[in-house]
Amino acid sequence: MKQTYINQLKDHIGEQVTLKGWLYNSRSSGKLVFPQLRDGTGIVQCVVFKGNVSEEVFEQAKSLGQESSLIVHGTVKEDDRSAIGVEIDVSDLEVVQNSTDYPITPKEHGTEFLMDNRHLWIRSKKQHAVLRVRHTIIKAVRDFFDEQDFILADTPIFTPAACEGTTTLFEVDYFGDEKAYLTQSGQLYNEATAAAFGKSYAFGPTFRAEKSKTRRHLTEFWMVEPEVAYATYEDMMDLGEAMILFIVERVLKDRREDLETLERDISVLENIKAPFPRVHYDEAVEILQEGNEKGALENKFEWGGDFGSPDETYLSAQFDQPIFVHHFPAAIKGFYFEIDPERPECALGIDLLAPEGYGEIIGGGERAMDLEYLEKQVEAHDLPKEDFQWYLDLRRYGSVPHSGYGMGIERCVAWMCGIEHVRETIPFPRMLYRLKP
Ligand code: 4AD
Ligand code: MG
C-alpha cells in the first residue's frame with residue numbers, strides 16, 4: 001500500500017492509510033496503546049485498541065522502544081485535541097526494527113552529550129524545527145537572487161590565497177608541492193563572475209580557523225555572497241535590506257508552526273520593516289562612548305577599533321530594526337575595500353547587525369577599482385603577489401565600480417529561530433573543539 005505522509009493526513013480523513021516512520025514516544029493504559037509516530041513531516045498519535053488488532057500486534061505495540069522503526073496501517077480520524085487535527089485508529093502494525101536503549105530520552109540532557117549524539121539529536125522536535133527553518137531560509141535566499149536575474153556561479157573551496165586575512169586560514173596539503181587553503185569567502189572569485197555576468201552569487205561552505213569559542217562562531221559555515229558590477233556600497237545596503245525582508249516574510253509564511261515549537265516571539269519578526277537605519281561608523285563610535293559613560297559598556301570604545309560582541313549588542317539595542325553600519329576604518333578592513341575619497345581613512349564597508357543581540361549577519365561593501373592602489377594593498381597586507389595576478393586582471397581589463405556582501409546562513413537562522421547558539425543551526429556543526437560526529 002502506498003505511503004501517506006503525516007503532513008498530508010488532513011486530506012485523508014476517514015480513509016485507510018499506511019504510515020512509515022519511527023516511534024517518537026508511547027504510553028499505554030489497559031486495552032489501549034498510544035504510540036506517537038514521526039515520519040519527518042510531522043508527528044501523529046496512533047491508537048492501538050486491543051480489540052482491533054491481533055494479540056501479537058498488541059503485545060508488540062506495548063513493548064516498542066523509543067525510535068523503533070515501524071509501519072502503521074489505520075484509519076484517519078478527525079480529532080480536535082490533536083495539534084494536527086487527526087489521529088490514527090490502528091488496524092495493523094509492522095515493526096521494521098525494535099530499537100532499545102535509545103540514548104536521548106525525554107529527560108534533560110547536557111549540551112555536550114546532545115552534541116556527541118548530534119546524529120540522533122536532529123530527530124528531536126526543536127532541532128527538527130530549527131533545521132526546517134534553515135531549509136526555508138536557504139530556499140528563500142536562492143529564490144530571491146534567482147528572481148532578480150542573478151547567476152549562481154559557485155566558487156572554489158580549495159584556494160591558493162587568503163581573502164579575509166591570513167590568520168584564519170585552514171591549510172591543506174595539495175599533492176605535496178603546493179599549499180592550498182580552504183576558502184574563507186568566495187568574494188574574489190565573485191568579482192570575476194560579476195564582471196562576466198553583471199550580477200552573480202555564490203552559495204557554499206566557507207571555513208575560518210578562528211580560535212573563537214563564542215556562540216556566533218563556527219569553523220565551517222555556509223555563506224551566500226552576491227556581487228554586482230556597477231554597484232555601490234549603498235546599493236548593497238538596499239539589496240541586503242530587500243533580501244532580509246524577503247527571508248523574514250517567507251519564514252513567517254512557511255515556518256510559523258516551527259517558530260511556535262521553538263517558542264520564538266513571532267511579533268519581533270513581524271515588526272521587521274524597511275528602512276533599516278544606516279549608521280555611519282563615526283556615529284556608532286559616539287553611541288558606544290555614550291554607552292560607556294552610562295555604565296552600560298565596560299570599555300571606552302575608541303575610533304579605529306573593531307566592534308566586539310558587547311558593542312554590537314549595545315549598538316543594535318538602540319534601534320528596533322536591523323541596522324547597517326558603514327564607513328569602517330580602512331585599517332581594520334580587508335585589503336580589497338574601496339576607500340572614501342573624502343575620508344581616506346574610511347573604507348566603504350557595510351555590516352548589518354541583527355537585533356536582539358545576534359550581531360553581524362552581513363559583511364561586505366564596495367571593492368577598490370584602481371589597479372595601482374590594489375597592487376600596493378596586496379603588498380601592504382603581505383599577500384603573495386603571484387597568486388593575485390588573476391585578481392588584478394579584473395582591474396586591468398574593464399575595471400568597474402562593483403560591490404557585494406556575504407551573509408552567514410547560520411547566524412541568520414539563529415536570529416530567525418531566536419536560539420542561543422549557532423551550533424544548533426547546521427546539521428553537523430564544526431567548531432574549535434568539535435569535529436564529531
Ligand atoms: O564579514 P565577513 O568575514 O565577510 C566576508 O567574508 C566577505 N568577503 C563577504 C563578501 O563581501 N562577499 O563574513 C560575512 C558573514 C558575516 O557577516 C557572518 O554572518 C558570517 O559571514 N560569518 C560567520 N558565521 C559563522 N561563523 C563564523 N566564524 C563566521 N565568520 C563570518
Ligand atoms: Mg565581517
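How many cavities of 30 Å³ or more does a search of the whole structure find? The search finds 3 of them, and since the model you have open is a predicted one, please read every value on this tour as computed.

**First stop: ligand 1.** Select ligand 1, whose space is the largest pocket, and then show the 23 residues that surround it, the closest being Glu164, Gln187, Glu225, Glu360 and Ile361. By type, this shell holds 7 nonpolar, 8 polar and 8 charged residues. If you colour by element of structure, you will find that β11 (220-229), β16 (359-367) and β17 (402-408) each give two or more residues to the shell, with β16 giving the most, 6 residues.

Now display the side chains of glutamate 164, serine 185 and glutamine 187. A nitrogen atom of ligand 1 is 2.7 Å from an N or O atom in the side chain of glutamate 164, while for serine 185 the corresponding distance is 2.9 Å and for glutamine 187 it is 2.7 Å. Of the 630 Å² of accessible area that ligand 1 has on its own, the protein covers 94%.

**Second stop: the largest cavity.** Select Thr159, Ala161, Ala162, Leu188 and Tyr189, which lie nearest the centre of the largest cavity among its 13 lining residues. This cavity holds about 100 Å³ of space, and its lining consists of 8 nonpolar, 4 polar and 1 charged residues.

Finally, select the residues that line the second largest cavity, including Glu191, Ala229, Arg395 and His402, around a space of about 70 Å³. Both α5 (187-197) and α12 (389-396) supply at least two lining residues, and α5 gives the most, with 3.

Notes
Residues numbered from 1 in each chain as written. Chains lettered and ligands numbered in written order. Predicted model: local features only at pLDDT ≥ 70, side-chain atom pairs only at ≥ 80, totals over all residues. Heavy atoms only, no water. Near = heavy atom within 4 Å. Polar contact = N/O pair within 3.5 Å; in protein donor to acceptor, adjacent residues only side chain to side chain. Areas by Shrake-Rupley, 256 points an atom, 1.4 Å probe, with all protein chains shown as cover. 1 Å grid on protein atoms, 1.4 Å probe; cavity = no way out; pocket = protein on both sides within 12 Å on 5 of 7 lines; lining within 4 Å. Sits in = over half its atoms within 2 Å of the grid points. Helix = DSSP H or I, 4+ residues; strand = E, 2+ residues; numbered from the N terminus. Nonpolar A, V, L, I, M, F, W, Y, C, P; charged D, E, K, R; others polar. Points joined across faces, edges and corners; volume = space filled by probe spheres on them.
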